[in-house]
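Hi everyone, thanks for coming along. I'd like to walk you through one structure today, so please have a look at it with me.

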Amino acid sequence: MTAAAVGLSHSPLIGKNDPAPDVLRSVESAVDAARDFVRAFDPELVVLYAPDHYNGFFYKEMPPFCLATDANAVGDFGSAAGPLSVDTDAARALARGVLDRGVDLTVSARMTVDHGFVQPLEVLFGGIDKIPVVPVFVNGVATPLGPVSRVRALGTAIGEAAAELDRRVLFLGSGGLSHDPPVPVLDGAPPRVADALIEGHPPTPEQRARGEERVVQAGRDYAAGSTRMIPINPAWDNHVLDTLESGRLGDVDGWSVAWMGAEGGGSAHEVRTWIAAFASLAATGGYRMTSRFYAPIPEWIAGFAVATAEQESSR
């Protein structure tokens, strides 16, 4: 088996509230390098770890992880809508392999995903139906959140199971790094909001448009400095990247939920997707990070990062 990994931040504000041209060019250059890396690796399968933003998973049932054997995108924030090209046979094999290794895993035969899954497929492959994929939801928003050690265990189990497929597999983590966007919280929410978070009532097009405009305005306010959101934390973001680059993934077992939120904001737990992806790659052998980009981008309410990694034996 040959494996590689990519970590890629996402933001619904890309193209809607962009930073200065020089910052945007640096991001585009890093993304171009990641595309070149993926093109050279030529994956036969992508295992995509991503969060949800209350578009597919709700408090009526909120698993810590869920692997899809079929998935459809809702098309939020202008992202593509429709079916992902899920490799159902590979998904079922990975699910069995994970459960056989003692890691609890929910399976969805009809997962709904949002921009967190769609953006990396659009950015790296040009669409949601261009590459066989196994989508894996990793909760990084809805509390309570489990220990990070279980995320690493999930990634390890999927990496070991993927090795049995004997294919070129790209492990892709979508999300993070530090950011504190205006995501609704169940505790203390008014009844109408609480009901939506629990039951997942689909918004009307008008309601979705209003909600998305509020996020765009929050990005403008954040960039202008008129906000109460937790600031982007470059020191913490680079600590996360240093940990992944060093291969000392066991260090994440000591990262508490409270510490991650305090350092990186309410949605910093999306870095769990990166941890899972790099744990999957580590399960196939030693690896080295081949590229790393980071920039704090208030306009996108994100510490934005792109990183690529390959097996040490591939060079």
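Here is something to start us off: which side chain meets Asp-253 in a salt bridge? Keep in mind that this is a predicted model. The partner is Arg-152, with 2.6 Å from N to O. This pair links distant parts of the chain, since Asp-253 sits in the loop between α7 and α8 while Arg-152 belongs to helix α4, 101 residues apart. Asp-253 is partly exposed, with a relative accessible area of 35%, and Arg-152 is partly exposed too, at 25%.

As a general point, side chains of opposite charge can pair when their charged atoms come close. In this model the count comes to 14 salt bridges. Let me show you a few others.

One of them is formed by Lys-60 and Glu-199, whose closest N and O atoms are 3.6 Å apart. Lys-60 lies in the loop between β2 and β3, and Glu-199 in helix α5, so this pair ties together parts that are 139 residues apart in sequence. Glu-199 is partly exposed, with a relative accessible area of 38%.

Then we have Asp-242 with Arg-292, where the closest N and O atoms are 2.8 Å apart. Because Asp-242 is in helix α7 and Arg-292 in strand β10, the pair ties together parts that are 50 residues apart in sequence. Asp-242 counts as partly exposed at 38% relative accessibility, as does Arg-292 at 31%. There is also a network of salt bridges linking Asp-42, Glu-44 and Arg-168.

Now let's move to helix α8, residues 257–264. Met-260, Gly-261 and Gly-264 are buried there. Why do I say they line one face? Looking down the axis of α8, the buried residues fall within an arc of 95 degrees, so they line one face of the helix. What do they pack against? Their neighbours are α4, α7 and α9. Over on the other side of α8, Ala-258 and Ala-262 are exposed. Just after the helix comes Gly-265, with a positive phi of about 95 degrees.

Last stop, a sheet. Three strands make an open sheet in the order β5-β4-β7, with mixed pairing. β5 and β7 are the edge strands, each pairing on one side only. On average, neighbouring strands here are turned by 20 degrees against each other, direction ignored. β4 and β7 run parallel and are joined by three bridges, and you can find Asn-72 opposite Thr-112 of β7.

Definitions and conventions. Residues numbered from 1 in each chain as written. Predicted model: local features only at pLDDT ≥ 70, side-chain atom pairs only at ≥ 80, totals over all residues. Heavy atoms only, no water. Buried < 20%, exposed > 50% of the residue type's maximum accessible area, 1.4 Å probe, protein only. Helix = DSSP H or I, 4+ residues; strand = E, 2+ residues; numbered from the N terminus. Arc of directions from axis to C-beta. Contact = heavy atoms within 4.5 Å. Pairing = 2+ DSSP bridges. Axes fitted to C-alpha atoms, helices over the stretch in contact; angles between N-to-C directions. Salt bridge = Lys/Arg side-chain N within 4 Å of Asp/Glu carboxyl O.
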